[in-house]
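Subject: Structure for you to look at

Hello,

Here is the structure I said I would pass on. Please open it alongside this email, and read the notes with the model in view.

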Amino acid sequence: MAASINGVGGVGFGGLTCSTKTPLPSSRSSSFRVQMSVPVEDKKRNYTLQKSQEAFNAALNLMPGGVNSPVRAFKSVGGQPIFMDSVKGSHMWDIDGNEYIDYVGSWGPAIIGHADDEVLEALAETMKKGTSFGSPCLLESVLAEMVISAVPSIEMVRFVNSGTEACMGVLRLARTFTGREKIIKFEGCYHGHADPFLVKAGSGVATLGLPDSPGVPKATTSGTLTAPYNDIAAVESLFNSNEGEIAAIILEPAVGNSGFITPKPDFLEAIRRLTKENGALLIFDEVMTGFRLSYGGAQEYFGITPDLTTLGKVIGGGLPVGAYGGRREIMEMVAPAGPMYQAGTLSGNPLAMTAGIQTLKRLKAPGTYEYLDRITRELVQGILNAGKKTGHAICGGHIGGMFGFFFTVGPVHNFDDAKKSDAAKFVRFYQGMLREGVYFAPSQFEAGFTSLAHSPEDIQKTVAAAENVLSKI
C-alpha cells in the first residue's frame, strides 16, 4: 500500500451527577453540578452544548484552562471543549447526548475502535489480579516480545508511561551512548513536553500561538539544533558547523504534529546516511506512527531502520503507555544493565500491557492495514473532492490509518508550508462538522486517525457532511 498525497491545485500533507466529596466554595459550586450520563439512544435532538458549557465553566475553577492537555481547550477553533460521556467503536457521545463519528481516536491509540469488547474482557480478567504490582510480571515480557518481533530497529525495549517519558529517556540514552550533547530536531515536530524538545515544537504549542514555553532554561535547549522538515541541505549544514558534537537526530518519520506531512522521496534515506557518516544516532519518534502506518511502523513502511525508536499510543490500547527501544548494544546502557538511569512507578503495569497485547493481536490479523488504507483513502479523497467541488483550495493525504488536510493549494512539505493553511476557514469547517456529527482534532496542526471500527457508512456520512459544510463556508 502506497502513500496517498493528493491535492486540489497541488499536493501536500493531512442519573450520575458530577460532584466532589468535599463541598466547593459557593462561588464554584453553583456551576459545578452537571448531569453526566445521557441515554445514547436519544440522538434526534437539536445540537446543543449546554451541559458541556456548564461543565467547562466549572472545570475552569479546578484545572488550568479547564483541561488537562492544552489542545483540548478548543483555543484555535473557538467555543468550549466538548465533554464526552462514552465511546464505542468509531463513535462518541457527549454529555449533551450528541453523537459523533470520531477521527481523533483518543489521539491515536484507538486503532481497533473504542471500548473494544475483547480488550475490555481481557482487562476485566487482569483487574481481578490487581491493577499494579510494582514488580516484574509476565505480561511485560509478552508485549516486549511482540514489539521486538514487529519493529525492525528494536532488539530490546523499555516500557514507560507516556510518549513524553519515552522521548526523555531516549534522548538521555543517545547522549550517554555517543558521549555527545547536541541533538537535531525538526521544526514542527513534537516529541513531548520535556525541556530540550520545546523548541519550534508544533502541535499544541503552535495551536496556542506560543513560540516556546516559558520556564525552559536557555541552557536546557542550547544543545537543541533545528532544521525545516524535508530539508537535507539544512541538516548537512548543521553537521558541518557542529562537527563531532551531535549525538542524534530525532524526528517523526511522518509528521503528525504540524498536521499530517509525509517525507519527500529519499529524505529519510539521506538522514540515515548523514547520521552514519557523522557518528550520530538516528531516532524515529513513532509514538504516533508506530503500529499505525504498518504493523512494523513507519520504519517498516519506508524501509529505513533507525538506531532507536520511541513508541506509545497504540501499544497501550488506550491506556497510558510509552516505550523506547533499539539496538541491544545501546539499550544495555540503560539501568540496571548499564549506567544511564531511568525508572517509573507504573512502568509496565499489567493493565496497559494487557490492552497493548490484545490490540497488537488484532492488528496482526490478515487484511488489517489494507482495510485501514482503503477507508482512509476514501475519506481523504472524498474531502478533497468536496473541497474542489465547492471551490476551496485544499490539499491532503494519508498513509494507512493516519491522515490530514490543509486549506491551502500546497504542497505542504514542512511546518512553514502548513502555516499557510487558512486557519479561519478551518475554524468554520470544524464547527460545521461538529454540528454534522463529525469530530476531528480541534486544531489545524494535528493529524487525524481512522480505526478498524470505522465503517464504509461512517466514511460516506463524513464525506457528505464535509461537502455540505464546505458549500456554506
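This is a predicted model: local features need pLDDT of at least 70, side-chain atom pairs count only at pLDDT 80 or more; totals for chains, interfaces and linings use all residues.

Nonpolar cores

The largest nonpolar core contains 37 residues. Among those with the most contacts inside it are Y103, F405, F429 and F440. Elements that give two or more residues to this core include β6 (99–102), β15 (402–406), α15 (423–435) and α16 (456–470). Helix α13 (368–389) is also on that list, and α13 gives the most, with 7 residues. A second, separate core has 30 residues, including Y229, I249, V255 and F445.

The sheet

Four strands form an open sheet in the order β4-β5-β6-β16, with mixed pairing. Strands β4 (84–88) and β16 are at the edges and have a single partner strand each, so one side of each has no neighbour in the sheet. Strands β4 and β5 (residues 91–94) run antiparallel and are joined by 4 bridges. Within this pair, K88 stands opposite H91 in β5. Helix α16 packs on the sheet and touches β5, β6 and β16. The direction of α16 makes about 105 degrees with that of β6.

Helix α13

Does the length of α13 agree or disagree with what its residue count predicts? At 1.5 Å a residue, its 22 residues should span 32 Å, and the end C-alpha atoms are 32 Å apart, so the two agree. After α13 comes G391, which has a positive phi near 85 degrees.

Salt bridges

There are 15 salt bridges in the structure. One of them joins K88 and D117, with the closest N and O atoms 2.5 Å apart. This pair links distant parts of the chain, since K88 is in strand β4 and D117 is in helix α3 (residues 117–127), 29 residues apart. K88 counts as partly exposed because its relative accessibility is 36%, while D117 is exposed, at 53%.

R273 takes part in two of the pairs described here: with E236 (4.0 Å, N to O) and with E277, where the closest N and O atoms are 3.4 Å apart. R273 and E277 are 4 residues apart in helix α9, which means about one helical turn separates them. Elsewhere, salt bridges that share partners join R272, D307, R327 and E329 into one network.

Regards

Technical notes
Residues are numbered from 1 along each chain as its sequence is written. Side-chain values use heavy atoms; hydrogens and water are left out. A nonpolar core is a set of buried Ala, Val, Leu, Ile, Met, Phe, Trp, Tyr and Cys residues joined through side-chain atoms within 4.5 Å. Buried means under 20% relative accessible area, exposed over 50%, partly exposed in between (1.4 Å probe, protein chains only). Two strands pair if DSSP finds at least two bridges between them. Contact means heavy atoms within 4.5 Å. Axes are lines fitted to C-alpha atoms, for helices over the stretch in contact, and angles run from 0 to 180 degrees between N-to-C directions. The expected span of a helix is 1.5 Å times one less than its number of residues. A salt bridge is a side-chain nitrogen of Lys or Arg within 4 Å of a carboxyl oxygen of Asp or Glu.
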